[in-house]
Amino acid sequence: MTRVRDTGLEMSVNPRLRWVSPRKWRLWALPPASLAYVLVTNVVAVLVTVMASLHVTVSRTEWVWFAVLAAASLLHLEAARSIERRREQTGEGVPYTNLKSLWVFTGVLLLPLPLVIALIVIAYTYCGVRIYGPFVWHRKIFSTATFVIASACAAAVLRAGGLDNAPRVPVGPWSLVIVVAAATTWWLINYALVVGAILLSSPDTTARTALGDLSEQLVVAAALGLGIAVAALEASNPWVVPVLMVTVLALHRDLLLPQYQRQARTDDKTGLAAPTFWSQVVVAELSRAKLVGGNVGVLMMDVDKFSDINNSYGHPAGDQALQSVVRVVRTEIRRGDLAARWGGDELAVVLPGTTSAELQMVGERIRRRLANTPVSITHAKTGKTIVLEGVTVSMGAAVYPESGVDVDRLVLAADAALLAAKEAGRNQICLATPCDNGVVVPPAIPVQAHLMRRRTDIPS
């Protein structure tokens, strides 16, 4: 499910088991609000465990269910160990999705709460020994606590809906509504606890960053839905559950590993496509255009005097300005277009099915909006907020097939046009001239005056 990203401790020999004095725990280095939040969450989880363990009785059938779920959970974690270890090394400060929730929520439907908590502890302990690299203990404990609290809340929803006795699986419309409500509660409580921890521990983190990629929560929905199915099957024939391991592992690979691969295709600082992936998309669009006789437009843009922002206000301020440019570009291009961070402060955009006139209009629209959109940045030394009246960009535009017949020639043409725009005074767009035998003929043509005479536009 969701958890706070962990960073490694610098340990030797066996970093997971090395003793660290409580006074040196990184827990105490948290901001006061974050420290209180983590401690309260852990205490609540302990209280839930103690209260749930009072006067609990476990039937023989429930012990069988618990044994099957524990074995299936550990087998799943071991089989997916290489995937999870690689994902464990990815970016910090965002929610993290996994499929532990599958087995935990199955337990919520089948087991008394103390056995669900035992299942959670077993899963996280096994991950600490076999999967995770060096990690910060208090973060793992916090993640375990969020699972415990989420499970207790989901169990409360089931009881409130009249599903007191196991197995609490859907047998009709009303019970289905209750089970879905419990699954939603489990997800929401866990997700909210983790997002809150991220925001409190990293005050500079924006809410959008803390929420992570919401599309990844589909993994959680798939896990919880599969958990309902596993619970129903185990209630009738628990020995069939191991057969589902093939399905679970396929789900893990098809949903989680592509997330890791998407991260490799994305620029961390801007969220735009990486150059290699962008080039692959352009190649595919050119192939399609050749088949249907269409056009492909490419815009290369560079923030004017970007180094002055870095030198005057610091590189973090430059990053903020670049991210403001990215937000504008994203709002001014279509869903089927793709923007990439080409390098430094240079961006590249591919616009399939775009003629020269349409490409010029899009570029001019972006240029005008950037020049008139205030940009807030923070001075690295003083911490004061500086508001720039706007950011200007120079752009080069090239269109297949007039300016190039493959991705290299097209990018070269757009880059030459960008250089011409900068040499002509910046804050303008230049259109690459048609190519002759695959070679761009300089100079590129400035297009502002031409744009002012045209009223053709391309849908956003």
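Where is Lys305 placed? Lys305 lies in the loop between strand E1 (296–303) and helix H12 (306–313). Helices (H or I, at least four residues) and strands (E, at least two) are DSSP runs, numbered from the N terminus.

## Basis of the model

This is a predicted model: local features need pLDDT of at least 70, side-chain atom pairs count only at pLDDT 80 or more, and totals for chains, interfaces and linings use all residues. Residues are numbered from 1 along each chain as its sequence is written, and side-chain values use heavy atoms, with hydrogens and water left out.

## Overall make-up

The protein chain holds 16 helices and 10 strands. It has 460 residues, and 48% of them count as buried. Buried means under 20% relative accessible area, exposed means over 50%, and partly exposed lies in between (1.4 Å probe, protein chains only).

Take the contacts in the protein chain between residues at least 6 apart in sequence: 74% of these join residues at least 24 apart. Contact means heavy atoms within 4.5 Å. Pro32 belongs to helix H1 (residues 32–53). Pro32 is exposed, at 70% relative accessible area.

## Helices H6 and H7

Two packed helices are described by the angle between their axes and the distance between the axes. For helix H6 (residues 137–160) and helix H7 (residues 173–201), the axes come within 8 Å and cross at roughly 150°. Axes are lines fitted to C-alpha atoms, for helices over the stretch in contact, and angles run from 0 to 180 degrees between N-to-C directions. H6 and H7 are therefore roughly antiparallel to each other, a label for angles over 145 degrees. Their crossing is right-handed: the near helix is turned clockwise from the far one by less than a right angle.

The H6 side of the contact includes Phe142, Phe147, Cys153 and Leu158. The H7 side includes Ile178, Trp186, Asn190 and Ala197. Cys153 is partly exposed, at 26% relative accessibility.

Strand E4 (residues 375–378) pairs with strand E5 (residues 385–388) in the antiparallel sense, over four bridges. Two strands pair if DSSP finds at least two bridges between them. Ser376 has Val387 in E5 as its bridge partner. Six residues sit between the strands of this hairpin, where Gly383 takes a positive phi near 75°.

## Backbone exceptions

Most residues other than glycine have a negative phi, and most peptide bonds are trans. Lys305 has a positive phi near 50°. Lys305 counts as exposed, at 52% relative accessibility. Arg426 also has a positive phi, near 70°. Arg426 sits in the loop between H15 and strand E7 (429–431). Arg426 is partly exposed, with a relative accessible area of 35%.

The peptide bond joining Tyr400 and Pro401 is cis, with omega about 5°. Pro401 is in the loop between strand E6 (393–400) and helix H15 (407–423).

## Cysteines

How many disulfides does a search of the whole structure find? The search finds zero. A disulfide is a pair of cysteine sulfur atoms within 2.5 Å. Cys430 is buried, with a relative accessible area of 1%.

Definitions and conventions
Angles under 35 degrees count as roughly parallel, over 145 as roughly antiparallel, 65 to 115 as roughly perpendicular and the rest as oblique.
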